Amino acid sequence: MKSDVSVAVEEEEEAYGRLRRMAEANAVVVFSVSGCCMCHVVKRLLLGLGVGPVVYELDVEPGGRSVQAALRRLMGRIQAAPPVPAVFVGGRLVGGIESVMSCHINGSLVPLLKEAGALWL
């Protein structure tokens, strides 16, 4: 019989695995929550640049709560801070709204998107 700790570790590993598969399946992936204004901002920025990100709304996605928990740990967020938006480009975590906007302002976002195959210009 498995202990509660080993079950929790298995569930966590499963959530990380699912998160990794979701993030690596497309050039640009946004993890979001319906009604989150910062999630809306990051999605509009990407769309405005001509990128069609795959968006996972974790409040309606089956198993979304476990993916949110994995994102929270991956991003090093405190429990009260929401782990969304979380943007992955080319399977790599870019970060939340602050990181994405910083990359956009300093000019590194478009080359990153091109490298991942999300932009062809």
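Visitor: Which residues does G95 touch, leaving out those up to four places away in sequence?
Guide: In this predicted model, G95 touches M75, P85, A86, V87 and V100. G95 itself lies in strand β4, residues 92-95.

Visitor: What makes G95 count as buried?
Guide: The relative accessibility of G95 is 7%. Buried means under 20%, so G95 counts as buried.

Visitor: How do you know that P85 and G95 are in touch, and how far apart are their C-alpha atoms?
Guide: Contact means heavy atoms within 4.5 Å, and P85 is among the residues that G95 touches.

Visitor: Where does P85 lie, and what kind of peptide bond joins V84 to P85?
Guide: P85 lies in the loop between α3 (64-75) and β3 (86-89). The bond from V84 to P85 is cis, with omega about 0 degrees. Most peptide bonds are trans.

Visitor: Which residues is I97 in contact with, setting aside neighbours within four places in sequence?
Guide: I97 is in contact with P85, and also with M38, V41 and V42. The C-alpha atoms of I97 and P85 are 6.3 Å apart, at a sequence separation of 12 residues. I97 is placed in helix α4.

Visitor: Why is I97 called buried?
Guide: I97 has a relative accessible area of 11%. The cut-off for buried is under 20%, so I97 is buried.

Visitor: How do α2 and α4 pack, in angle and axis distance?
Guide: Helix α2 (residues 37-48) and helix α4 (residues 97-106) pack at about 30 degrees, and their axes are 10 Å apart.

Visitor: Why is α2 called roughly parallel to α4?
Guide: The angle is about 30 degrees. Angles under 35 degrees count as roughly parallel, which makes α2 roughly parallel to α4. The crossing of the two helices is left-handed.

Visitor: What makes K43 count as buried, and where does K43 lie?
Guide: K43 lies in helix α2. Its relative accessibility is 18%. Since buried means under 20%, K43 counts as buried. Not counting residues up to four places away, K43 touches V30, S32, V55 and E57.

Visitor: How do you know that E12 is partly exposed?
Guide: E12 has a relative accessibility of 34%. Buried is under 20% and exposed is over 50%, with partly exposed in between, so E12 counts as partly exposed. E12 is found in helix α1, residues 4-24. From E12 to V67 there are 55 residues in sequence and 9.1 Å in space, C-alpha to C-alpha.

Visitor: What does the protein chain consist of, in helices and strands?
Guide: The protein chain has five helices and four strands. From the N terminus, the order is α-β-α-β-α-β-β-α-α.

Visitor: How many residues are in the protein chain, and what share is buried?
Guide: There are 121 residues, and 39% of them are buried. The protein chain exposes about 6,900 Å², of which carbon and sulfur atoms supply 57%.

Key:
Residues numbered from 1 in each chain as written. Predicted model: local features only at pLDDT ≥ 70, side-chain atom pairs only at ≥ 80, totals over all residues. Heavy atoms only, no water. Buried < 20%, exposed > 50% of the residue type's maximum accessible area, 1.4 Å probe, protein only. Areas by Shrake-Rupley, 256 points an atom, 1.4 Å probe, with all protein chains shown as cover. Axes fitted to C-alpha atoms, helices over the stretch in contact; angles between N-to-C directions. Parallel < 35°, antiparallel > 145°, perpendicular 65-115°, else oblique. Left-handed = near helix turned anticlockwise from the far one by under 90°.
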